[in-house]
Amino acid sequence: MIPKIILGKGPNAVRRTIGYLFGKGRANEHTDPHLVASWNGFAPDPGRSPHRSQKEVEGQLAAQLDQPVKMLGDKAPKFTVWHCPVRAAPEDPFLTDEQWADIARRIVAAAGIAPDGDEEACRWVAVRHADDHIHIAATLVRQDGRRPKRDYDQRAVQREARKIEIDYGLRRLKPGDGTAAKRPTSKEHFKAKRLGQDATSREILRLRVRRAVAAASSEAEFFAFLKATGVEVRPKTEPSGDVTGYSVALPGDTNKQGEPIWFAGSTLAGDLSLPKIRQRLTSTSPAPVVTPPGNPWHQATAATERIPHHLTHSDEHAAQGQLVALGAALDLLPLTAPTAIRAELERAAVTFERATRSRIAADHDSARVLRRSIQAIWRTPSPGGGGSGLAMLIDVALTAVAFARHWHRTRQHAQQEAAAEQALLHLQTAYAHIAGPVLDGLAHRAPTLQTKHRFAQHIRQAAPEYAERILQDSAWDALAAVLAEAEKAGHNAAIVLDQAVSQRPLDDARNPARALTWRIQRLGQRHAPSPRAQAAKARSTAQHPTAPVHTAAAAPPPQQPQARRR
């Protein structure tokens, strides 16, 4: 159940609100509008007065609601109307007028509009003009001339809605922490439907702004990327010449006067205000490069693979920074992906967006490598290797998102946990489409049976607790193929396998065989060490057989999350 509070102002605010509630609606969606409850139980009902003009009754009702406001004259408050639509979920059971009336009384009591037993409270009505929702309209002056005590009324009605869901057996929504992006209004939804759009202008702009933030390394680039994606930008400039904010609009999205409908960045989401964006861009600005850049797909994969470690061992601010960077990576990935999985990756990004924000301040410096490598991928998107770069990145992203879900769960971030859970489903669908063909292509290059037997012995030595599972996995041929290719490039297969196992414990890998395939493919494409260096490495490994960290002692605690296994 979703209550939403809207405030109205102006001399005709009450009359305008009542006219809308008993009218046909902006898209003729209102059916049988009528009162289900009121402040006194016998307010005039424009929907149930067959012997009088509806407009006449609407005027009478508005006048009665507005009477306490009019009594104050020019001392009346700026906002005089409190309007709260309350909507049930599509799968919720049908609620009777009596049940909706009880819900309305509970909502106005929780909000401080009309506390139980207060005969001098604000005047209010509840109007039903559809099966799944009501509108509560109240005037913001009590009958004794005082103002209602409605501090934090939005939070109060949300808490009451959670209790109503339990009492009436409705779908239970997740409690929030006040960091969620603002939902599109009903008016925005109706407009999008009328225009044949899948999303509202607010949602389209939010995604485009997030992508511009993810792709940019400077403020100038951020605004340039917005304009390049067809977004109109209006900077907020102070008399000093300083730019302190910005607004965005979609071309053709205009009001009745033909003017663009502008959205300030902070109204799209709290982390999209210009000051917050500047914080992220400052920590992303490129530093002098000392070593030649490597394969950005490999760098992004390695950085994403380290996210579970940050979430379990770093402080909360660094962990939150990792989640922000992971969200930015998911924002840009659809732009680099094949058409077949682009929509699924975009749904994953839009869903995971909620999991990137909490009350914990983010340390963006901790995730520089991931952000820069994703930006490099976006600038030169060809994944190479027939899509293996994208497949290996999504594979480790699945584990990272599973750990994000667990991280939020332990901190009781219910909405963020649910968002991560939903994003996992979309990522799994995308991964199934991209990984299957890549692994099949590698399997066709599998080495001879004799070579596979030799590699199997290496597997049993490097990862004894996973060996049989790996050797029976459908990805075994692909793993053998990348081991053979690493040998062909001059690597020692046993040493590369040890390195791959030691990179991160396999306990939290969704599929150990696939995880090792992607890791060895990355290692195998590095410059091969000299024979002398390989011999020294082999002697070191033989002298310290317990060195690899994949033993049981190095495994994460049993409460750590496991990504869903396919």
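Buried here means under 20% relative accessible area. The legends below describe close-up views of a predicted model.

**View 1. Strand 4 and its cover.** Strand 4 spans residues 79-87 and is mostly covered. Of its nine residues, seven are buried. C84 counts as buried because its relative accessibility is 0%, under the 20% limit.

**View 2. Pairing of strand 4 with strands 1 and 2.** Strand 1, residues 2-3, pairs with strand 4 in the antiparallel sense over two bridges. In this pairing P3 stands opposite V86 of strand 4. Strand 2, residues 6-9, is also antiparallel to strand 4, with four bridges between them. Here L7 has W82 of strand 4 as its bridge partner.

**View 3. Pairing of strand 4 with strand 6.** Strand 6 covers residues 133-142 and runs antiparallel to strand 4. Seven bridges join the two strands.

View 4. A121 sits in the loop between helix 3 (97-111) and strand 5 (122-130). With a relative accessible area of 2%, A121 is under the 20% limit and is therefore buried. Beyond its neighbours within four places in sequence, A121 is in contact with I113, A114, P115, R142 and Q143. A121 and R142 are 21 residues apart in sequence, and their C-alpha atoms are 4.9 Å apart in space.

**View 5. Cysteines C84 and C122.** The structure holds zero disulfides. C122 has a relative accessibility of 2%, so this cysteine counts as buried. C84, at 0%, counts as buried too.

**View 6. The largest cavity.** Five cavities of 30 Å³ or more are found in a search of the whole structure. The largest cavity holds about 110 Å³ of space. Twelve residues line the largest cavity, and E305, V396, T399, A509 and R519 are those nearest its centre. Helix 10 (296-305), helix 15 (388-410) and helix 21 (512-524) are the elements that each give two or more residues to this lining. Helix 15 gives the most, with three residues. By class, the lining of the largest cavity consists of six charged, four nonpolar and two polar residues.

Methods
Residues numbered from 1 in each chain as written. Predicted model: local features only at pLDDT ≥ 70, side-chain atom pairs only at ≥ 80, totals over all residues. Heavy atoms only, no water. Disulfide = S-S within 2.5 Å. Buried < 20%, exposed > 50% of the residue type's maximum accessible area, 1.4 Å probe, protein only. 1 Å grid on protein atoms, 1.4 Å probe; cavity = no way out; pocket = protein on both sides within 12 Å on 5 of 7 lines; lining within 4 Å. Points joined across faces, edges and corners; volume = space filled by probe spheres on them. Nonpolar A, V, L, I, M, F, W, Y, C, P; charged D, E, K, R; others polar. Contact = heavy atoms within 4.5 Å. Pairing = 2+ DSSP bridges.
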